[in-house]
Amino acid sequence: GGYYCSYAMPATAAAAQAQVATLKAVGCLPKPCSYSTEVACEADLACQFVNGQCGATTCSSATDLTSCNNLPGCYYDYTTKTCAVTSPSDACVGVSASACATTKGCVLTEGGQCTSGCGKYVDSTNCANDPDCVVQDGQCVAKLCGSLTKESCLSNSKCAWDDVAGCSPDHCLTLSASECSADASCAYSDGNSPPCSKNICTYTNEALCITDASC
């Protein structure tokens, strides 16, 4: 059937001494992925039909967006609150950590797993509910400065951190050439995209400046 029963062990001295006890069912719970047909099985995002049987996917162990994004071949479905398997055409599944950075659309997690970036979301609802992603021209793409922590935000020179607003694009990105040149916190270069970006070399001390390889 589609349910399994839970039994409670009586915590009595007599039962412990005899090592024998009569158990009574305390409740019946739904048994995940107990579908008998492939159609019904595949309709449940937490299940997959393999070798004639319906079972849980490798993604179903994740229970939230963060843990789901750390699993290869998985995406978080906001509507059903389920970590589901991405499209079979997911190009990032099976890609090594060393090749992940050079594979289009792939992101290397902190755990060394190569996963799909924002392109794994096929609908705008799930895309919009991932703080690292945004819908542009009908496609889900990575959001500039979507980091949730101060450390990861400031690791991107194009982002600025505010304790209230969080991570957002640095103000330099919106300045014109003349405005950029007049702002000491910004640096202008025709070769950059965008041409105005945050000036990371604001040292006033030579000793500090030469210790930074970027300056």
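Trainee: Which residues is C83 in contact with, leaving aside its neighbours within four places in sequence?

Mentor: In this predicted model, C83 is in contact, meaning heavy atoms within 4.5 Å, with L45, T57, C59, S60, A62, C68, C74, Y75 and Y76. Local features here need pLDDT of at least 70, and side-chain atom pairs count only at pLDDT 80 or more, while totals for chains, interfaces and linings use all residues. Residues are numbered from 1 along each chain as its sequence is written, and side-chain values use heavy atoms, with hydrogens and water left out.

Trainee: What makes a set of residues a nonpolar core?

Mentor: The members are buried Ala, Val, Leu, Ile, Met, Phe, Trp, Tyr and Cys residues joined through side-chain atoms within 4.5 Å. Of the 14 residues in the largest such core, C68, C74, C83, Y121, C127, C133 and C140 touch the most other members. Two or more residues each come from α3 (65–69), β5 (74–77) and β6 (82–85), and β5 gives the largest share, 3 residues. Helices (H or I, at least four residues) and strands (E, at least two) are DSSP runs, numbered from the N terminus.

Trainee: Why is C33 called buried?

Mentor: Buried means under 20% relative accessible area (1.4 Å probe, protein chains only), exposed over 50%, and partly exposed in between. C33 has a relative accessible area of 10%, so C33 is buried. This residue sits in the loop between β2 (24–30) and α2 (38–42), and its phi is near 55°.

Trainee: And why does N51 count as exposed?

Mentor: Its relative accessibility is 76%, so N51 counts as exposed. N51 is in the loop between β3 (47–50) and β4 (53–56), with a positive phi of about 55° although it is not a glycine.
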